[in-house]
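Here are my notes from a pass through the model. Have it open while you read.

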Amino acid sequence: MIMKKISILGILAILVIVAEFAYAMIAGWDNVKSGFLDGYNSVRVHSGTPQPEYSGAFDKVCVEVKPLETVQVDSLTNRFVNKQVPYQVESIKTVFVPTIWSSIVNFFAMFAVIPFFVGIYCLIRLLVSISKREVFTADNVARLRFFTYSCVTLYSLMALHSWLNHIEAVKQVALSGYEVVASCETDFTSMVIIILFTEIFAAGVKIKEEQDLTI
């Protein structure tokens, strides 16, 4: 019964991981391909002023902005009370020219996708092994480690790529009345916890093997 529950939870985890990764890839591609480009061209056409063409040399990023103390707070109309109420812009999405380092990291991240999917396969093999009541084995340690460290590698490269983009965007982007700041958020705590439990499992298997040899 316990093995069955573990297998079900493992299958759900695999589906969630694959679904989130696929959604992120599809959403990111669609945004780059259509949404932002259409918006940019729309502004260029309706403004009546010449704008530089958006090209593949640019990338897009979302950065935080903070109003300067010397700037008056903006306001908008609240239709419910029919009064002007203050508002504050907290983030903007814009284009910038990425550095060569960002492109290099992105290049390695693309190749890191391959071991990531191999890691998913290792996780499936691990669940199959557990369903056969073969839990504390050296093969399962290798499978779990490959899955864990392939995920950590891909996530770290993606986080580094995002951080480089934000740092460069802060240098290039200027918004009147606001200070542009980097807003790259990473969740390395979850990665560290996953590594910790993986190594705990590996230590447990090693202790079991040593006890089997002493019997």
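**Notes on the helices and a few residues**

1. Start with N165, which sits in helix α3. Helices here are DSSP runs of H or I with at least four residues, strands are E runs of at least two, and both are numbered from the N terminus. This is a predicted model, where local features need pLDDT of at least 70, side-chain atom pairs count only at pLDDT 80 or more, and totals for chains, interfaces and linings use all residues. Residues are numbered from 1 along each chain as its sequence is written, and side-chain values use heavy atoms, with hydrogens and water left out.

2. Is N165 buried or exposed? With a relative accessible area of 5%, N165 is buried (under 20% is buried, over 50% exposed, and in between partly exposed, using a 1.4 Å probe and protein chains only). Leaving aside residues up to four places away in sequence, N165 touches D59, F96, P98 and S102; contact means heavy atoms within 4.5 Å.

3. S162 is also found in α3, but S162 is partly exposed, at 24% relative accessible area.

4. How do α2 and α3 pack? The axes of α2 (residues 100-131) and α3 (residues 138-172) come within 7 Å and cross at roughly 155 degrees. Axes are lines fitted to C-alpha atoms, for helices over the stretch in contact, with angles running from 0 to 180 degrees between N-to-C directions. The two helices are therefore roughly antiparallel (over 145 degrees; under 35 is roughly parallel, 65 to 115 roughly perpendicular, the rest oblique).

5. The residues of the α2 contact with α3 divide into 21 nonpolar, eight polar and two charged.

6. On to α4 (residues 188-214): its 27 residues reach 39 Å from first C-alpha to last, close to the 39 Å expected at 1.5 Å a residue. The expected span is 1.5 Å times one less than the number of residues. M191, T198, F201, A202 and V205 are buried in α4, and what covers the buried residues of α4 includes α3.

7. Last, a strand residue: K93 lies in β4 (residues 91-96) and is partly exposed, at 46% relative accessible area. The C-alpha atoms of K93 and C62 are separated by 4.2 Å, although the two are 31 residues apart along the chain.

Definitions and conventions
Ala, Val, Leu, Ile, Met, Phe, Trp, Tyr, Cys and Pro count as nonpolar, Asp, Glu, Lys and Arg as charged, and the others, Gly among them, as polar.
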